[in-house]
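My entries follow in the order in which I made them.

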Amino acid sequence: MTERKVRWGILATGGIAAAFTADLVDLPDAEVVAVASRTEESARAFAERFGVPRAYGGWEGLAADEDVDVVYVATPHAAHRAAAGLCLEAGRNVLCEKPFTLNVREAAELVALARARGRFLMEAMWMYCNPLVRRLKELVDDGAIGDVRTVQADFGLAGPFPPAHRLRDPAQGGGALLDLGVYPVSFAHLLLGEPSEVTARAVLSPEGVDLQTGALLSWESGALASVHCSIAGGTATTASVTGSLGRIDIPSGFFDPPRFVLHRDGRAPEEFTADRTDGPRAGFRHEAREVMRALRAGETESPLVPLDGTLAVMRTLDAIRDRVGVRYPAEAAGAGAGGTGGAPGVEEAVVTPA
């Protein structure tokens, strides 16, 4: 793999799979060799669109394809455990879309499977691979704004989404938190690690998923993070980090920011801007490059998106769901939010299938 192109398989054919593949086919060291869908018709249409040589009308064919170096799992997140697990069991390396799974129990199962098989596994948290976000983290880690006191981030879509939409469907892990809230929660984790306490409130739909959720995360250092997500109102998607010596503001699109501004006491503001030489769709390329770098280096985890960090984010998401009472039919009775396994600041709760 060190001297040839990395051969990708795409599992699922929806919008996010198309967006990722559009970026992937432009990378000179990547090759998309196979695609799979639940139906052969959908797989063939996707293959024709992107010039992919093999199309499978089922996941098993792709998982068994030994010419595939790594599979990008782009199903709805309720199917991530099954799809990624199938590929790992077959010996494939996996990049799995966010949110990684429905809950931390499923996430832990995938991590254990990948480590037991010696396969590469990474959550597709493309924000963590973004060069500008990485620069922001470097500044914070280097003490540019002193000790972090607060983090704020929001992500909301205006909707309205009808009850039949996947964002409103409990069977598909619907709601604002897992689809959108994973970004502000992950942003807070990136800068502060896993919180020690979690409190949250939400407005639930008649189906029992969260239309909007607000959470306050706290750390033993005294730092606080306020995160908000919504499928009932479009937000500014801003983020800010305030420290003892200054702050950093991301005015819009914090998960793929065009710029951010560093404010330091006694100094003029400094603006940092994204390098757009890759074109307008550069965001997915960064994570694809990181996967290929890791594979060529023989790594089974990415230092930019470590698996322990993914598990920590899933524990926080489980904790928030426990607080607001969102539970999914796929989660077994007798475990909180799929089995929180001791999520911080959260007591175990009994889940009744919807």
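I began with helix α5 and helix α10, and I noted that α5 passes α10 in a left-handed crossing (the near helix is turned anticlockwise from the far one by less than a right angle). The model is predicted, with local features needing pLDDT of at least 70 and side-chain atom pairs counting only at pLDDT 80 or more, while totals for chains, interfaces and linings use all residues. Residues are numbered from 1 along each chain as its sequence is written, and side-chain values use heavy atoms, leaving out hydrogens and water.

Helices and strands are DSSP runs numbered from the N terminus, helices being H or I of at least four residues and strands E of at least two. I found that α5 (residues 104-117) and α10 (residues 307-324) pack at an angle of about 165°, with their axes 9 Å apart. Axes are lines fitted to C-alpha atoms, for helices over the stretch in contact, and angles run from 0 to 180 degrees between N-to-C directions. This angle makes α5 roughly antiparallel to α10 (over 145 degrees).

I then listed the contact (heavy atoms within 4.5 Å). From α5, Val104, Ala107, Ala108, Val111 and Arg115 meet residues of α10 that include Leu307, Leu311 and Met314. The residues of this contact divide into seven nonpolar, no polar and four charged; Ala, Val, Leu, Ile, Met, Phe, Trp, Tyr, Cys and Pro count as nonpolar, Asp, Glu, Lys and Arg as charged, and the others, Gly among them, as polar.

Next I turned to the sheets. An open sheet of six strands has the order β3-β2-β1-β4-β5-β6, with parallel pairing (strands pair if DSSP finds at least two bridges between them). Since β3 (54-56) and β6 (121-123) stand at the edges with a single partner strand each, one side of each is left without a neighbour in the sheet. The twist averages 25° from one strand to the next. Three bridges join β5 (residues 93-96) to β6, and Cys96 has Glu123 in β6 as its bridge partner.

I also examined β10 (residues 224-230), which runs parallel to β7 (residues 148-156) with seven bridges. Seven bridges also join β10 to β9 (residues 210-218), but this pair is antiparallel. Cys229 in β10 stands opposite Phe155 and also opposite Thr213.

Terms used:
Parallel < 35°, antiparallel > 145°, perpendicular 65-115°, else oblique.
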